[in-house]
Amino acid sequence: MAKRFAILGDIHANIDALVTVLEDAQAQGVTDYLCTGDVVGYGACPHECMEIIREIGCPVVKGNHDHYVSSVQNLSDFNPNAAAVVEWTRGQLTEDELAWLHDLPYQVVTMGMTIVHSTNDRPETFGYVFDNLQAEANFINQKTPLSFHGHTHCPMIYEQSMNGVFRIDPQDMKLPPGRKYFINVGSVGQPRDGDPRAAYVIYDVATRTVTFRRLDYDIASAQARIRYAGLPERLAERLQYGQ
Ligand code: ZN
């Protein structure tokens, strides 16, 4: 059977968005899953989201929040909202869950694709790719024709051809051979491109097509959970603006 991958990440402990995305992936005939990291952080359901992702059993790479929560990182450099959630999340997870997060790899290569949270240029430093220069540094270190990432929470396509590196607005497309692609799949649980809908990508191996999915989900429920947990109000508010 031809493989259809759902590539999803930056779930950020948002169970309402995650369940909506997984239901859609099933309806879209997805056969396999890849996770670009940041399963936890910001949202109120780290334990539940981890349980689901571990149950799926797909490759998962380590995001910066997965790292902060599962390391003995000093939080004094963090903004207060971020530090508060890291502390809170640590308290929600079992030793086994913390160890699982800690042991996640920074990169996974499977079927000619590389999965990474931030960039293939020193992935353990969690640099951001927002422009062509940063994308160029990625491509130098990207060993496969196709790579998927997240981290900025903004879906995007970067293409490297003989003509250079280009940024292409997220759109459904058939990837021509002979070029490299570095594709940001956006964020399931905390989109920041001004569109509050949950985001993920489907890649169909046989047709070489990428499809950017955006889904309405129960934002009010995710916000209520954040408020009930006593997490910073800003984290609830931003979900409805997609910022
Ligand atoms: Zn993130």
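Let's start at Asp10. Asp10 sits in the loop between strand 1 (4–8) and helix 1 (15–27). Helices here are DSSP runs of H or I with at least four residues, strands are runs of E with at least two, and both are numbered from the N terminus. Asp10 has a positive phi of about 45°, although it is not a glycine. Is Asp10 buried or exposed? Asp10 is buried, with a relative accessible area of 0%. The cut-offs: buried means under 20% relative accessible area, exposed means over 50%, and partly exposed is in between, with a 1.4 Å probe and protein chains only.

A word on where this comes from. This is a predicted model, where local features need pLDDT of at least 70, side-chain atom pairs count only at pLDDT 80 or more, and totals for chains, interfaces and linings use all residues. Residues are numbered from 1 along each chain as its sequence is written, and side-chain values use heavy atoms, with hydrogens and water left out.

Back to phi. Met111 also has a positive value, about 50°, and Met111 is not a glycine either. Find Met111 in the loop between strand 3 (107–110) and strand 4 (113–116). Met111 is partly exposed, at 49% relative accessible area.

Now zoom out. How many helices and strands does the protein chain have? Eight helices and eleven strands. The radius of gyration of the protein chain is 17 Å, close to the 18 Å that the globule rule gives for 243 residues, so the chain is as compact as a globular protein of that length. That radius is taken over C-alpha atoms, and the rule is 2.2 Å times the number of residues to the power 0.38. Along its principal axes, the C-alpha trace spans about 50 × 40 × 35 Å.

What share of the 243 residues is buried? Buried residues make up 55%. Next, contacts, meaning heavy atoms within 4.5 Å. Take the contacts with a separation of 6 or more: 71% of them join residues 24 or more positions apart.

The protein chain exposes about 10,600 Å², and carbon and sulfur atoms supply 50% of it. Those areas come from the Shrake-Rupley method with a 1.4 Å probe; for residues, only the protein chains shown count as cover.

Charges next. There are 20 positive and 30 negative ones, and their mean positions are 6 Å apart. Lys and Arg count as positive, Asp and Glu as negative; His and the chain ends are not counted. Each charge is placed at NZ of Lys, CZ of Arg, CG of Asp or CD of Glu.

Aromatic rings now. A pair of rings is described by the distance of the centres and the angle of the planes. Rings of Phe, Tyr and Trp (its six-membered ring) pair if their centres lie within 6.5 Å; planes under 30 degrees apart are stacked, over 60 edge-to-face, and the rest tilted. This structure holds five aromatic pairs. One of them is Tyr128 with Phe130, which is stacked: 6.0 Å centre to centre, 10° between the planes. Tyr128 is partly exposed, at 38% relative accessibility. Phe130 is partly exposed too, at 43%.

Then look at Phe139 and Phe182. This pair is edge-to-face, with 6.3 Å between centres and 70° between planes. Phe139 lies in helix 6 (residues 132–141) and Phe182 in strand 9 (residues 180–184), so the pair ties together parts that are 43 residues apart in sequence. Phe139 is buried, at 2% relative accessibility. Phe182 is buried at 0%.

His65 is in helix 3 (residues 64–70). His65 is buried, at 6% relative accessible area. Which residues does His65 touch, not counting those up to four places away in sequence? His12, Asp38, Val40, Gly41 and Tyr42. Val39 is 26 residues from His65 along the chain, and their C-alpha atoms are separated by 7.9 Å.

Lys174 lies in strand 8. Lys174 is exposed, at 57% relative accessible area. Leaving out residues up to four places away in sequence, Lys174 touches Thr207, Arg208 and Thr209.

Last stop: Pro177, in the loop between strand 8 (173–174) and strand 9. Pro177 is exposed, at 67% relative accessible area. How far is Pro177 from Glu237 in space? They are 42 Å apart, C-alpha to C-alpha, and 60 residues apart in sequence.
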